[in-house]
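Keep the structure open as you read.

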Amino acid sequence: MNITAVLDKTTQAQWEIYIQHSTRTDVQLRGSKREALIRQENTGYGVRVILPRSGGAGVGYSSCNSDKDLEATARRAHDLAKLNRSPFFELPAKRKLLQTKTADRRILTDSERVAKDYADEAQALISEEKDISLTYGKVRTYVVENQIINSRGLACKSVGTYLYVEMTLKIGSGTSATEFWPSRYSRRVSDLEPTNIILEWLKIARSCLKRHPPRTKQTTIILSPAVVCDIFVPTIGFHSSAEALNLNLSAFKEHQHVASEELTIVDDGLYPYGLRTNSFDDEGQPQEKTRLIEKGVFKNYLYDQLHAQTMDAKPTGNGIRTGFGIDVDERYQTIPANDNTNLTFSGGDQSLEELIQDTKDGLMIYQAAWLNPDRITTRFGSEIRNAQEIKNGELVEGVVGGSLSGSAFELMKGISGISDRPEVVSGYAFGCVAPYIRLEGVQISGSS
Amino acid sequence: MAVVNNRESDSVIGDLQELLRGGDLPYVDGLYDWQTQLAIRKNKERENTSSKSIKGVSVRSHSESGWTYSSSNKVDRSTVRKLINQLKKETRRSNAKSKLALPDPVKIDTKTPVKKDPLEIPIEEKLQRLREIYDLARQMDSRIVDVRVAYAETVTDRALVTSNGTQARQLIPRTRISMEIVVKEDIVTDSDNLSLGGTVGYEVVDDLTEEKISELVKSAVEQLKAVAPPTGVQTVILDPGTVGTVCHESFGHGLEADQALRGRSYLKDMLGKTVASDLVTIYEDSSLEGANGSYHFDDDGVKSRKNTLVENGVLVSFLHDIETGAAMNAPLTGSSRTQNAAHRRFIRMSNTYAKPGERKLDDIVRDTKRGVMMMRWQFGIEDPLGGGMQVVSKKGYIIENGVTTNPLKSITLTGRVLEVLGNVDAVSSDGFFVDPGTCGKGPEDYVPVGSGGTWWRTKAVIG
């Protein structure tokens, strides 16, 4: 298929095509057995057409791979663009791109074997537990090729791999049982080796064998990296975007103190094996490192093509295809939005153990049900699924139930400690390298 | 524009029929799915229109070693043949034996009728209508900083072909319009939103009346002065959407029998037992006309139906597919669903709602000395094993001496779901509504659903 020839023939306007080809192996587990094995191969593309005068943008997504279908999709995008009114912007031209680390050789070589072996090892590790059992689990590997071509001569391609692991660990038995239900994406197996992550998850599950609901109070809490990701990625990501600035919705101003001095965050599109790491963003602009918050002071906004040009700024490689319920191999079905790459938190100078030892009375929150903060107001409220009480510098009994609530940006002002080893994490939100963070005066609601 | 090409779909269905025929496997089926969508979005910054056409085919078999799926979004004959051959080879190798509760084979070819077919309305007219809605809302209050209006029409063309003779095809249109009003005063920013839609046509756009838009603007502005809710155990009055979310997220997910087979349901041994106040009756109805979660048959080929989950507080039924129906010797409930051919089929809810009661809402409020009214649910999440709950609403009010007073910011409802259901002491007869929504099985595999009921009063932990 000669993509450039077909698109040049179909539309005289600016065009861009984003193509994804992927293979996916999904092993699903029930206890010590396999519940399902799913293999998939998908190819799809999104065509965007931008008209010169009106700026109208039309988009067509398709999984039908023939010249005829591509032509029909492009014509459709062109016709839709004619109806719109939007600010005009130019798509990126060809640029020099930096090399990035996005693929794991083990997954590239035999992704199905990796998924099956991982699942077997996880099941074996969990089966050794006395009071914890596996009810359901997923281990999934992906190999995803992304390609962007546009009418300005840009043509770039990358290959990435992903591993996704989700386990539901039953804690105890009978009517008093509860569960720990973690999940995480990584780019490579070594970031989620079963002997590290599964054993860590089992330790958390064990800590909830003896548990009680929380009391209603304001207290010190330590958030796990996954919880940090879910509270701060959607909120800091949105308020750092040029779109939020343009709409007069950003709570940030350049050089303004927005957080405790301990907090430093970079949007790092080049972080080795980060989940949103790539040489180029989803419009073809080189990804880069942008300082967002430095010692509590907000520094820079993030720009995609549209906002860089309409707001007279330099693009920062933040045109990202993402959407609710869209998996890493389905991104061709979305339009580039002004979003973060990897929000990368700087580590502090204390280990996690030291942070805990340094806490007199508080809660270690391993997992909340679904934080999903309101990205405009940054408010959130979520059930505490798995936590552990901290008394006089030691982790004691488990805490399950009740809720934690507040405003993400108020929490940022109450940071009293950051652990020294940030890690690539994911929760419901995506694109984060986070440490454990200790916060003061957080509202916990319980039944007493 | 969402367009259906019958000839192309017929061809893939014909290939599946021919290639699945015969052989010595106990059961193999193929699901073909073609989703087309037109989406229009407008806000202060820009307008966007997009058109989507995503196809896929997925074949699966079941043996002692579980389900095996092969899928691709190439739907040509040679790809379908490759997928089926791979599946047959593997299932033979695993010495296929399986126990499934297969429904009687059916031949269906059906379509959900709508009042105003979106395909007959020019896109220009749809875009113009969105511009009018946007302009109307913008001028309603000077504190509005942005208005986001979104319209989407989707047609799902789905066919199931099974090795035992089912050939079922359904065309389901879903149309949705949603709106968010963002307001700002000094440094305080807030918003409110609403969404209307279902297995309906363009007529849903007419339901977004000037009166509804005006109420939404007032509600968003009111949020600027709202305060944080009180925390801890409170008497709460839940609006119909929030009641539906409690029934669906907090309760219904525990009734998905695949979770029971995994040992992951707190309701596993509760069939026939009291799980709620006797004022509570909950239905699960995939045949509810116009509702977002409705369909004609499920993805195992079982006809859609109304199931009673809880009757006057007593647990009556779990939700089943062909695997759990056999394993638990239970009647099929038509609850097997998938997001599309790229995803696995699971037991899912469709439209979950509570039966109306006998009291008027005004009467319930008057009768409440102190409490909180929770409105405009935003999201919830399941805890199928632990029986915990989380439902988040956008707004609410304090109730003092039988009157609603101060507006409240977003409220999180938590607690033990059986305690919350057991504490229901009033159910309204008025306000019945089934909200459109989207449901994941955990953090993925999203399907369209509806959830609703009328107003409930109960006790729960809020924060």
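In which sense do strand S15 and strand S22 of chain A pair, and over how many bridges? The model is predicted, and in it the two strands pair in the parallel sense over two bridges. S15 covers residues 343-345 of chain A, and S22 covers residues 432-434. At residue level, A:Leu343 stands opposite A:Cys432 in S22(A).

Now widen the view to the sheet around this pair. Six strands of chain A form an open sheet, in the order S12-S11-S10-S15-S22-S21. The pairing is mixed. Strand S12 (297-298) and strand S21 (423-425) of chain A are the edge strands, and each pairs on one side only. A helix packs on this sheet: H6 of chain A, residues 225-239. H6(A) touches strand S10 (265-268), strand S11 (289-294), S15, S21 and S22 of chain A. The direction of H6(A) makes about 130° with that of S22(A).

Step back to the whole of chain A. Its secondary structure comes to 10 helices and 23 strands. The C-alpha trace spans about 70 × 55 × 35 Å along its principal axes. A compact globule of 448 residues would have a radius of gyration near 22 Å; chain A has 23 Å, which agrees. Buried residues make up 59% of the 448 residues in chain A. Contacts across the sequence can be read in the same chain. Of the contacts in chain A with a separation of 6 or more, 73% are between residues 24 or more positions apart.

Next, the domains. Chain A is assigned domain 1 (3-207) and domain 2 (212-448). Their centres, taken over C-alpha atoms, are separated by 22 Å. The contact takes 43 residues from domain 1 of chain A and 34 residues from domain 2 of chain A. Several elements of domain 1 of chain A give two or more residues to this contact, among them strand S1 (14-30), strand S4 (132-150), strand S5 (155-171) and helix H5 (194-207) of chain A. The domain 1 side divides into 21 nonpolar, 13 polar and nine charged residues.

A:Val400 has its place in the loop between strand S18 (394-399) and strand S19 (403-407) of chain A. Leaving aside neighbours within four places in sequence, A:Val400 is in contact with A:Thr178, A:Cys208, A:Arg211, A:Pro213, A:Ile384, A:Arg385 and A:Asn386. A:Gly348 is 52 residues from A:Val400 along the chain, and the C-alpha atoms of the two are separated by 28 Å.

Chain B is divided into domain 1 (6-223) and domain 2 (232-462). The C-alpha centres of these two domains lie 23 Å apart. Here 37 residues of domain 1 of chain B are in contact with 29 residues of domain 2 of chain B. Elements that give two or more residues to the domain 1 side include strand S1 (28-42), strand S5 (144-162) and strand S6 (167-185) of chain B. By class, that side has 15 nonpolar, 16 polar and six charged residues.

Those three strands of chain B are linked by pairing. S1(B) and S5(B) run antiparallel and are joined by 14 bridges. B:Arg41 stands opposite B:Ala150 in S5(B). S5(B) also pairs with S6(B), in the antiparallel sense over 17 bridges. In S6(B), B:Gln167 is the bridge partner of B:Val161. S5(B) and S6(B) form a hairpin with four residues between them. In the turn, B:Gly165 has a positive phi of about 110°.

Last, bring the two chains together. In all, 66 residues of chain A are in contact with 62 residues of chain B. Strand S2 (residues 33-50) of chain A gives the most to the chain A side, with 12 residues. That side has 19 nonpolar, 32 polar and 15 charged residues. Pairing also crosses between the chains: six bridges join S2(A) to strand S3 (residues 66-72) of chain B, and the two run parallel. For A:Glu41, the bridge partner in S3(B) is B:Ser72.

Note on methods:
Residues numbered from 1 in each chain as written. Chains lettered and ligands numbered in written order. Predicted model: local features only at pLDDT ≥ 70, side-chain atom pairs only at ≥ 80, totals over all residues. Contact = placed C-beta atoms within 7 Å. Nonpolar A, V, L, I, M, F, W, Y, C, P; charged D, E, K, R; others polar. Pairing = 2+ DSSP bridges. Rg over C-alpha atoms; globule rule 2.2 N^0.38 Å. Buried ≥ 20, exposed ≤ 12 C-beta atoms within 10 Å, placed from the backbone. Domains from an automatic or database assignment. Axes fitted to C-alpha atoms, helices over the stretch in contact; angles between N-to-C directions.
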